[in-house]
Amino acid sequence: MRKCILFILTTIFIVSCSISGANDPQKNTDLEHIGNVTSGEKLTTDKLNFHFDYPIYEGSTIDKTIKEWGEKLINDANKEIEENKKNGLKDITPELYYSFNKYKDKGINSIVYNVGKMISRGHPENIIKIFYIDEKGKEINQNDFFKFTEQTKNIFEQKLLNKVKTIEGVFEDQEALKSVVKNYLNDMKFYFDSEKIVFLFEQYTVGPYSSGILEVEFYFSELKEYLNPEIFPEIKKELEKKQEQEAKQSNLKNDESNSGKNEVNAAKIETKTGTQKEKTARKDGKKYIALTFDDGPSKKTTPQLLDILKENNVKATFFVLGKNASFFPEIIKREHDEGHEIGSHTWDHPNLLNLSEAKIKKQIESTDEEIQKIIGIKPTLLRPPYGSHNKKIDNMAKKTIVMWNVDSLDWKNRNVKKNLSTALKQVQPGSIILFHDIHQPSVDTIDSLIKELKKQGYEFVTVSELLQEHTDIEKKVCFGEFKCDAY
Ligand SMILES: [Zn+2]
């Protein structure tokens, strides 16, 4: 949580002007700009000399919109000055000053104006105004970003209130905060920056003047369900994918004979059973993710992968086949010795849904025994081949069932670039990422993938480390850190 004191003192200024005498030369304080001003235009009146800068975006009407707003600001101030004059308030030098910042994220330029107005006695009045344009220069209305239903509005309001309550310097009266936040939803001040949405609260809204402008932040991914998909293509794409999945799922339901030979379809069914609510940040604010590799070990590609992981100091999780482990025990040992986690992917990759109870048991137990023979411990994780499982299998396995929520589709892509873009598009904090260490292009993808995700602030952990906050659930099926179901 950041606390942001109004920039009055540190940044700059505009003007002030004396209304006391027409003969006074205008007190035109020399103007310093904030640095990121691309262009500006001077707006002045006879009462206030207000040099008003704003960014120029080529091909956009935003300049005009901002200029009109600036003019209105000045006109309103002038009216107030006139009023004060009538009321005999002469000992105050009216002032209007502002700063502005620009932010860009998710294809949205946010232009944040922070205006201070000192016309009457008392503290300056503080006004925040934010303008938005998309990458094409099209202006976006603030009210178009969020799309609530009655229900989601209440949930969002509660989320926001919970965060506001934790800010240092807010009013102590909880009821007052509640009503302020409720009203705030009608006129929110927010901008998009670094995967986050930052909400600003003007002075006197949730805290006293002395607390300055207060901020609360959410990760963009935390608020996805409240945002308008028409403005954010990535949300739209996700929704379309979800609908597609649902359609596929109902098709599959109609065709029970489809035994899940298709890894993707099976995964999709499972994704659907996960709880819909998604958290995306841990209390410690860190963005943990887990890389997982299925179907190995392979004599050729797995050692290469281990070298890459070692160089990048990344620990991963291998869901190995018992049969392959029996062929290459030294690779399993190396995986374990280098700090990676070993999970079971059954003995030889059958679709467990097609097997008798006895055969399922054999698949799981023989793999457990093989791995225990090599590294001394039994795996506590099972990734069922094709993501195919049911309650009976889960109960027999007596392990955490580990699915995934990022599918690199590497088995299909067989191409580094495609693997990278497919995976990167889906990653969010808490993700479990699926790759197969038996394909050369998959292994060739990992160095770049790790470097890019580290750049984005992600930290790699094993699946058990990722799921440690779920120790309260004894039996579970997990799709990612924030999506584990009890069964
Ligand atoms: Zn597999």
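**Exercise 1.** In this predicted model, determine which residue of β12 is the bridge partner of Phe293, and then follow the pairing onward to β13.

*Solution.* Step 1: the bridge partner of Phe293 in β12 is Phe318. Step 2: Phe318 has in turn a bridge partner in β13, namely Ile342. Step 3: consider the strands themselves. β11 and β12 run parallel and are joined by 3 bridges; β12 and β13 also run parallel, joined by 4 bridges.

**Exercise 2.** State which residues of strand β12 lie on each of its sides, and decide whether they are buried or exposed.

*Solution.* Step 1: in a regular strand, side chains alternate between the two faces of the sheet. Step 2: β12 comprises residues 317–320, with Thr317 and Phe319 on one side and Phe318 and Val320 on the other. Step 3: buried means under 20% relative accessible area. All four of these residues are buried, so both faces of β12 are covered.

**Exercise 3.** Identify the protein donors of the zinc ion and describe how they are spaced in sequence.

*Solution.* Step 1: the donors are Asp295 through OD, His345 through NE2 and His349 through NE2, lying 2.1 Å from the zinc ion. Step 2: their spacing in sequence is D-x49-H-x3-H. Step 3: Asp295 and His345 are 50 residues apart and link distant parts of the chain. Asp295 lies in the loop between β11 (287–294) and α6 (301–311), whereas His345 lies in the loop between β13 (341–344) and α9 (357–375). Step 4: both Asp295 and His345 are buried.

Methods:
Residues numbered from 1 in each chain as written. Predicted model: local features only at pLDDT ≥ 70, side-chain atom pairs only at ≥ 80, totals over all residues. Heavy atoms only, no water. Donors = N, O, S within 2.8 Å, 3.2 Å for Na, K, Ca; no water. Helix = DSSP H or I, 4+ residues; strand = E, 2+ residues; numbered from the N terminus. Buried < 20%, exposed > 50% of the residue type's maximum accessible area, 1.4 Å probe, protein only. Pairing = 2+ DSSP bridges.
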